[in-house]
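Q: I am new to this structure and would like to learn how to read its features one at a time. Could we look at it together?

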Amino acid sequence: MKKQILLFFFFILTFFAVIAWGAASNPDATKLFQQAEEAFKGKDLDKAAGLLTEALKKEPDNAVYRYIFAKILLNKSDFITAKEHMDVVAKSRPSQEKGEDYNKKLKDFKKKIKDLQKTFNDEGEKKFAVFLKNQSSKDKLKLAVTLYQAFRLNPPLRYKNYEELKSAGDTYESALKGKEGLKGPMLQLAFLFEISNKKNKAAELYMKALDYVQDPNEEY
């Protein structure tokens, strides 16, 4: 059973992160992307983000759409979601079906993501500073979420503050007991367990989260 859980856990982690030879571009998604670009140029970030959300539902393996979406999210100061999308782009593979232009953009975007890591690291440091300033707070769940954000944005912090990482997972787990249907928090807790080497607990939470997927194109 444990072997099956670990295999399933591995599948969940890699399904979207390692995108193999995607399908050809979806015309409806292309149209939505073009509209999103116009909205972005017009500085209507909310509209652009909404359009790209719809485009990615139709073509979830399009790393170009995902990168532009992440850039919009950065402009909206949504660093966590932007980082999640950037991580997918960084692990995406070229696609013969999507063409040479797509592959050139993907290669260029991967280089730009490396340059953006400092931005994410800085935000992670800020989150960790907030955690340190409020360690005496009675709102332990808020502290755990703040630590999750710090560790998600700035990987080196995980290794420098391992005890805090373990306590964040335990606090988060305690706060979520008896609260079903909270997919977002479940996935955050699963991530904390994953990076603190509690693989079985992480796998169980990833599997539970599958019960709350609304859209077949929805991802982790």
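Q: How many helices and how many strands does the chain have?
A: The model is predicted, with local features requiring pLDDT of at least 70 and side-chain atom pairs pLDDT 80 or more, while totals for chains, interfaces and linings use all residues. Residues are numbered from 1 along each chain as its sequence is written, and side-chain values use heavy atoms, with hydrogens and water left out. Helices (H or I, at least four residues) and strands (E, at least two) are DSSP runs, numbered from the N terminus; here the chain has 11 helices and 0 strands.

Q: What share of the chain's residues count as buried?
A: A residue is buried under 20% relative accessible area, exposed over 50%, and partly exposed in between, using a 1.4 Å probe and protein chains only. Of the 220 residues in this chain, 40% are buried.

Q: How many residues of helix 4 are buried, and what covers them?
A: Helix 4 spans residues 63–75, and 11 of its 13 residues are buried, so helix 4 is largely enclosed by the rest of the structure. Among the buried residues are Tyr-65, Ile-68, Phe-69 and Leu-73, and their cover includes helix 2 (27–41), helix 3 (45–58), helix 5 (79–90) and helix 6 (100–133).

Q: How is the packing of two helices described?
A: Two packed helices are described by the angle between their axes and the distance between the axes. Axes are lines fitted to C-alpha atoms, for helices over the stretch in contact, and angles run from 0 to 180 degrees between N-to-C directions. In this model, helix 7 (residues 140–153) and helix 9 (residues 162–176) pack at about 130°, with axes 9 Å apart. That makes helix 7 oblique to helix 9, since angles under 35 degrees count as roughly parallel, over 145 as roughly antiparallel, 65 to 115 as roughly perpendicular and the rest as oblique.

Q: Which residues of helix 7 and helix 9 make the contact?
A: Contact means heavy atoms within 4.5 Å. Helix 7 contributes residues including Leu-141, Ala-144 and Phe-151, and helix 9 contributes residues including Leu-165, Ala-168 and Tyr-172.

Q: At what angle does helix 7 pack with helix 10?
A: Helix 7 and helix 10 (residues 183–195) pack at about 60°, with their axes 10 Å apart, and the two are therefore oblique to each other. Here Val-145, Tyr-148, Phe-151 and Arg-152 of helix 7 meet Gln-188, Phe-191, Leu-192 and Ile-195 of helix 10.

Notes
The expected span of a helix is 1.5 Å times one less than its number of residues.
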